[in-house]
Amino acid sequence: MAIAEAKIDQKIEFLKDVATRVSAGEVDLPSFPDVVIQIKQALENDETSSAHLVKIISTEPVLAARLLTIANSSALRPGGEPISNLNEAVIRLGRQAIQSTAMSYAMSQLKSTPDFDDIAVHMDELWQRSTHVAALCYVLAGRFTKLNPDEALLVGLMHVIGEMYIVIRANEHPTLSVDDPGLHRLQRGWGCRIGASILKQWDMSERITEAIENHQQPDTADPSQTAATHTDVLRLGVVLREILSSKDQAEFHMEEMPSWERLGTQTSDILDVMRKSQEQLRLLRSAISQ
C-alpha cells in the first residue's frame with residue numbers, strides 16, 4: 001500500500017511541477033513550427049494584409065498546401081468554386097479558419113516528429129481524439145449556436161494540447177512511464193489546466209482558454225448564462241465522441257446537463273443530426289488531418 005501511494009505521489013508531484021513550469025512560461029514543444037506563431041501574431045493585427053499573410057504562409061509549403069485543401073473542402077466551404085492560389089484561399093477562409101488550420105498543422109507536426117517515435121501511439125491517439133472532437137464542435141456550433149464554427153473547431157483541436165505536453169514530459173522523466181494507467185487516469189484532468197496555461201502563454205483568446213480549462217469541470221446551471229459557450233460546445237463534443245465511438249451508441253443521460261439545455265434542443269435531435277452528418281464529419285477530419 002505504501003509503495004502504491006508513493007507512486008501516486010510521484011505522479012502528482014510530476015504533474016504539479018509541469019503545471020508550475022508552464023504557468024511560469026516554460027513551454028518547450030519540440031518541432032512546433034515558428035511560422036504558426038508568426039501567423040497568429042499577424043492575425044492579431046487588424047492592419048495585416050492578405051498579401052502579408054500569404055508571404056508568411058508561403059515559407060511553409062506543407063501548411064500552404066493544407067490551407068488550399070481546406071479552402072476547397074466541401075465540408076468546410078460548401079458551394080465554393082475551386083481555387084488554386086494561396087491568396088484566394090486566404091481571402092476565402094478568413095482569419096479564424098486560417099488560425100485553426102495553422103494550429104492543426106502545428107499539432108500534426110508535433111505528433112509526427114521523429115523524436116517522439118517511442119510515444120507515437122500515444123500522440124496519435126490524442127491527435128485522433130482531437131480531430132474527432134474538433135469536427136463535432138464545428139457541426140455543433142454551426143447547427144445549434146451563434147458561436148463561430150471555425151473558433152469552435154480550434155477549441156476542439158486544442159483541447160488535448162495539455163495531454164500531449166504531459167506525455168512528452170513524462171517520456172523524458174527517468175522513472176515515469178507513459179504506459180502507466182495511473183498516469184493516464186490523471187492525465188486528462190491535469191491536461192485541461194496545463195493546456196490552458198500553454199494557450200495563455202500563446203496569448204490565445206480568453207474564450208478558448210476558458211473552454212479548455214473548464215470543460216472537464218462539473219456542468220452546473222447558471223441562471224445568468226442562457227446562451228451556449230465554447231465550454232458547453234467542447235463539453236458536449238467530448239461526450240458525443242464517446243457516444244458515437246461506442247459500439248452500441250448507448251445514449252448517455254445528457255438531458256440533465258445544463259450545457260445541453262443551453263443549446264436549446266433535444267438530445268435525440270442532436271444525435272440524429274450527428275448521425276446524419278457522418279460524411280461531413282469524415283470530410284472535416286480528413287481536411288484538418290492532411
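## Stop 1: Arg 129

Select Arg 129, which counts as buried because its relative accessibility is 4%, under the 20% cut-off. This is a predicted model. Arg 129 belongs to helix H7, residues 120–144. Show its side chain together with that of Glu 163: a polar contact of 2.8 Å joins the two. Now display what surrounds Arg 129. Leaving out residues up to four places away in sequence, Arg 129 touches His 159, Val 160, Glu 163, Arg 188 and Arg 241.

## Stop 2: the whole chain

Zoom out and colour by secondary structure. The protein has 15 helices and zero strands. Its radius of gyration is 19 Å, close to the 19 Å that the globule rule gives for 290 residues, so the protein is as compact as a globular protein of that length. The C-alpha trace spans about 65 × 45 × 35 Å along its principal axes.

Of the 290 residues, 50% count as buried. Among contacts with a separation of 6 or more, 71% are between residues 24 or more positions apart.

Switch to a surface display. The protein exposes about 13700 Å², with 49% of that supplied by carbon and sulfur atoms. Colouring by charge brings up 28 positive and 40 negative side chains, and the centres of the two sets lie 3 Å apart.

## Stop 3: Thr 145

Return to the cartoon and go to the loop between H7 and H8, where Thr 145 lies. Is Thr 145 buried or exposed? Thr 145 is buried, because its relative accessible area is 17% and the cut-off is under 20%.

Show the side chain of Thr 145 with the backbone on either side. A polar atom of this side chain lies 2.8 Å from the backbone oxygen of Ala 141. The backbone nitrogen of Leu 147 is 3.0 Å from a polar atom of the Thr 145 side chain. Setting aside neighbours within four places in sequence, Thr 145 is in contact with Leu 140, Ala 228, Val 233 and Leu 263.

## Stop 4: helix H8

Select residues 149–158, which form helix H8. How many of its 10 residues are buried? Nine are, which leaves the helix mostly covered. The buried residues include Asp 150, Glu 151, Leu 153 and Met 158.

Asn 148 caps the N-terminal end of H8, with a side-chain oxygen 2.8 Å from the backbone nitrogen of Asp 150.

## Stop 5: Asp 203

Move to the loop between helix H10 (181–201) and helix H11 (206–214), and pick Asp 203. Most residues other than glycine have a negative phi. Phi of Asp 203 is near 60°, a positive value. Asp 203 counts as exposed because its relative accessibility is 56%, over the 50% cut-off.

## Stop 6: Ala 64

Finish at helix H4, residues 61–71, and select Ala 64. Ala 64 counts as buried because its relative accessibility is 12%. Not counting residues up to four places away in sequence, Ala 64 touches Ile 57 and Leu 86.

Technical notes:
Residues are numbered from 1 along each chain as its sequence is written. This is a predicted model: local features need pLDDT of at least 70, side-chain atom pairs count only at pLDDT 80 or more; totals for chains, interfaces and linings use all residues. Side-chain values use heavy atoms; hydrogens and water are left out. Helices (H or I, at least four residues) and strands (E, at least two) are DSSP runs, numbered from the N terminus. The radius of gyration is taken over C-alpha atoms; the globule rule is 2.2 Å times the number of residues to the power 0.38. Buried means under 20% relative accessible area, exposed over 50%, partly exposed in between (1.4 Å probe, protein chains only). Contact means heavy atoms within 4.5 Å. Accessible areas come from the Shrake-Rupley method with a 1.4 Å probe; for residues, only the protein chains shown count as cover. Lys and Arg count as positive and Asp and Glu as negative; His and the chain ends are not counted. The place of a charge is taken as NZ of Lys, CZ of Arg, CG of Asp or CD of Glu. A polar contact is a pair of N or O atoms within 3.5 Å; within protein, one must be able to donate a hydrogen and the other to accept it, and residues adjacent in sequence count only if both atoms are side-chain atoms.
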